[in-house]
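Please keep the sequence and the model in view while reading.

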Amino acid sequence: ASEKAVLPEPVVEKVIATTSGTEKAYYAILNIRVKNNGAEGVILVQASVSQAGKTNTSEMPVYLKEGESHEIKLTFPLVWKGGEFTSHVETIVP
């Protein structure tokens, strides 16, 4: 018998970044697909969007069975005509 804990092994499969809104309500929308290659359990999806020297972050817990994929959507405020934005997404086992 092994005494090593069996944990989820989450990976980010895909991130599609889009924008939506108008001048006073402008947003970046990240459509994220994550997959669990390990044991079932809770993973934490952490994402950030940076624009014009400012970074906004968000996270969402997701319960995944072994081999299961799940899509989530996270929305971040942007500055209208504030220049290009960059995004970063990662998964962790809490």
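Leaving aside neighbours within four places in sequence, Val-45 is in contact (heavy atoms within 4.5 Å) with Ile-32, Val-34, Ser-58, Glu-59, Met-60, Val-62, Ile-72, Val-89, Glu-90 and Thr-91. This is a predicted model, in which local features need pLDDT of at least 70 and side-chain atom pairs count only at pLDDT 80 or more, while totals for chains, interfaces and linings use all residues. Residues are numbered from 1 along each chain as its sequence is written, and side-chain values use heavy atoms, with hydrogens and water left out.

Val-45 lies in strand β3, residues 41-51, where strands are DSSP runs of E with at least two residues, numbered from the N terminus. Val-45 is buried, at a relative accessible area of 0%; buried means under 20% relative accessible area, with a 1.4 Å probe and protein chains only. Because eight of the eleven residues of β3 are buried, the strand is largely enclosed by the rest of the structure.

The open sheet has three strands in the order β4-β3-β6, with antiparallel pairing, and two strands pair if DSSP finds at least two bridges between them. β4 (54-64) and β6 (85-92) stand at the edges with a single partner strand each, so one side of each has no neighbour in the sheet.

| Strand pair | Bridges | Direction |
|---|---|---|
| β3 and β6 | Eight bridges | antiparallel |
| β3 and β4 | Eleven bridges | antiparallel |

Within these pairings, Thr-91 in β6 is the bridge partner of Val-45, and Ser-58 in β4 is the bridge partner of Ala-47. In the hairpin of β3 and β4, which has two residues between the strands, Ala-52 takes a positive phi near 50°.

Technical notes. Helix = DSSP H or I, 4+ residues; strand = E, 2+ residues; numbered from the N terminus. Buried < 20%, exposed > 50% of the residue type's maximum accessible area, 1.4 Å probe, protein only.
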